[in-house]
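Q: Hi! I'm new to this one and would like a tour. Can we go through it together?

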Amino acid sequence: MLNRVISEDNIQKAKKLTFHYDKIVIVTHRAPDGDALGSSLGLYHFLKESGKRDVQVIVPNDYPVFLHWMPGTKSVINAEWQKKHAELAIASADLIFCLDFNTLKRIAQLENPVRQSKAKKILIDHHLSPENFCDVTISHPEISSTSELIFRFICRMGMFERINEPGAECIYTGMMTDTGAFTYHSSSYSIYYIISELLQKGIDKDAIYAKVYNQCQEGRVRMQGYVLYEKMKLFDEYKTALITLSEQEHMRFNPERGDTEGFVNIPLSMKKVVFSAFIREDKGIIRISLRSKGTFPTNRFAEEVYGGGGHLNASGGEFSGTLEEAVKKFEDALPVYKDLLE
Ligand code: 5GP
Ligand code: MN
């Protein structure tokens, strides 16, 4: 039996809204990752299986190429390319699910349309400090993925039968990607109970792993070699590694969306490194990815230095300025956190 995480009160309130309304929109955060899409499409397949005809998944912008295979992506509205379509769907929705984000700022240009919408709203998420804008807030930072929360939500409504194979594939993908293929935040026994339930739906977990992690172009592998050999700086005093990549350097490798994903984790394989950062230029904006081992709070660093956020061991943010300025900010901040970098 699966232990209870979501309160009974929240389950009942969310269930009532879900089955009372028919025009349903699911939104997730900008730069959607495996868990953002996994939870959104996992819920989408469940709602479709439940007979809901008018369900739209909306993403603020594009997602990595290695997630394109996920079942249901063809019906996802990309608000960057289909602005009017996305805004209309949000304005005419009577129920909006907000998945895998804690503040409306995280859905970029969809913030105002969602805030202004008269629809009922349900948040399901695992980031700290959820903003209070929903009718039901299901927020569980102790759970490693929003996709797991979707599985729990469906099961607690007594509707496990309505998880079909495509839905199970999506849920599994989100659980896998938010735990680095079950290498961190993945020691809870319930994760493996859920996986065994998903396997009974017919998913092939090894095939899903291969579709996500073994499908890249040559350029990504060569770029990985380049950034590790040429662009990684170590700050031994702070047990820190920093990799930077300019747009121009990135362009040399015939890039495709999402092909720098995972680079930030590699320096953590060194015993002496507890904090790793990847700072890159992306169409005029600087994107920061932070990872740590143990107790170093990357979310505090992301928030205090770049106004970003995230989880203890994985956070991110954006910076408007040059790559050099973002790097200087990083290097200037390190001494402030020295005590925590032990
Ligand atoms: P990534 O490094 O994979 O882009 O992001 C890691 C985690 O950091 C995400 O799962 C998300 O929780 C958080 N994150 C990334 N970018 C931002 C941002 O701009 N603002 C906030 N608040 N969190 C972010
Ligand atoms: Mn997530």
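Q: Leaving aside its neighbours within four places in sequence, which residues is Asp-178 in contact with?
A: Asp-178 touches Asp-33, Asp-35, His-126, Ser-144, Ser-145 and Tyr-184 once neighbours within four places in sequence are set aside. Contact here means heavy atoms within 4.5 Å. A word on the source: this is a predicted model, where local features need pLDDT of at least 70 and side-chain atom pairs count only at pLDDT 80 or more, while totals for chains, interfaces and linings use all residues. Residues are numbered from 1 along each chain as its sequence is written, chains are lettered from A and ligands numbered from 1 in the order in which they are written, and side-chain values use heavy atoms, with hydrogens and water left out.

Q: Thanks! Where is Asp-178 placed?
A: Asp-178 is in the loop between α6 (165-177) and α7 (189-199). Helices (H or I, at least four residues) and strands (E, at least two) are DSSP runs, numbered from the N terminus.

Q: Is Asp-178 buried or exposed?
A: Asp-178 is buried, yet has no salt bridge. Buried means under 20% relative accessible area, exposed over 50%, and partly exposed in between (1.4 Å probe, protein chains only). A salt bridge is a side-chain nitrogen of Lys or Arg within 4 Å of a carboxyl oxygen of Asp or Glu. The nearest side chain of opposite charge, Arg-291, is 8.0 Å away; Lys and Arg count as positive and Asp and Glu as negative, with His and the chain ends not counted.

Q: Which residues coordinate the manganese ion (ligand 2)?
A: Asp-178 (OD) is one of them, along with Asp-35 (OD), Asp-100 (OD) and His-126 (NE2), at 2.2 to 2.4 Å. Donors are N, O and S atoms within 2.8 Å of the metal (3.2 Å for Na, K and Ca); water is not among the atoms, so sites may look incomplete. The spacing of the donor residues in sequence is D-x64-D-x25-H-x51-D. Asp-35 in helix α2 (residues 34-49) and Asp-100 in the loop between β4 (95-99) and α4 (111-116) are 65 residues apart.

Q: Why does Asp-100 count as buried?
A: Asp-100 counts as buried because its relative accessibility is 2%. Asp-35 is buried too, with a relative accessible area of 0%.

Q: New topic: how many salt bridges are in the whole structure?
A: A search finds 20. Among them is the one between Asp-282 and Arg-287, with the closest N and O atoms 2.8 Å apart.

Q: And which residue does Arg-287 bridge to at 2.9 Å?
A: That is Glu-318. Arg-287 lies in strand β10 (residues 285-292) and Glu-318 in strand β12 (residues 314-319), so the pair ties together parts 31 residues apart in sequence. Arg-287 counts as buried at 19% relative accessibility, whereas Glu-318 is partly exposed at 35%. Shared partners join Arg-30, Asp-282, Lys-283, Arg-287 and Glu-318 into one network of salt bridges.

Q: Last one, what is the order of the strands in the open sheet of six strands?
A: The order is β3-β2-β1-β4-β5-β6, with parallel pairing. Two strands pair if DSSP finds at least two bridges between them. β3 (77-78) and β6 (136-139) stand at the edges with a single partner strand each, so one side of each has no neighbour in the sheet. Strand β5 (residues 120-125) pairs with β6 over four bridges, and Ile-124 has Ile-138 in β6 as its bridge partner.
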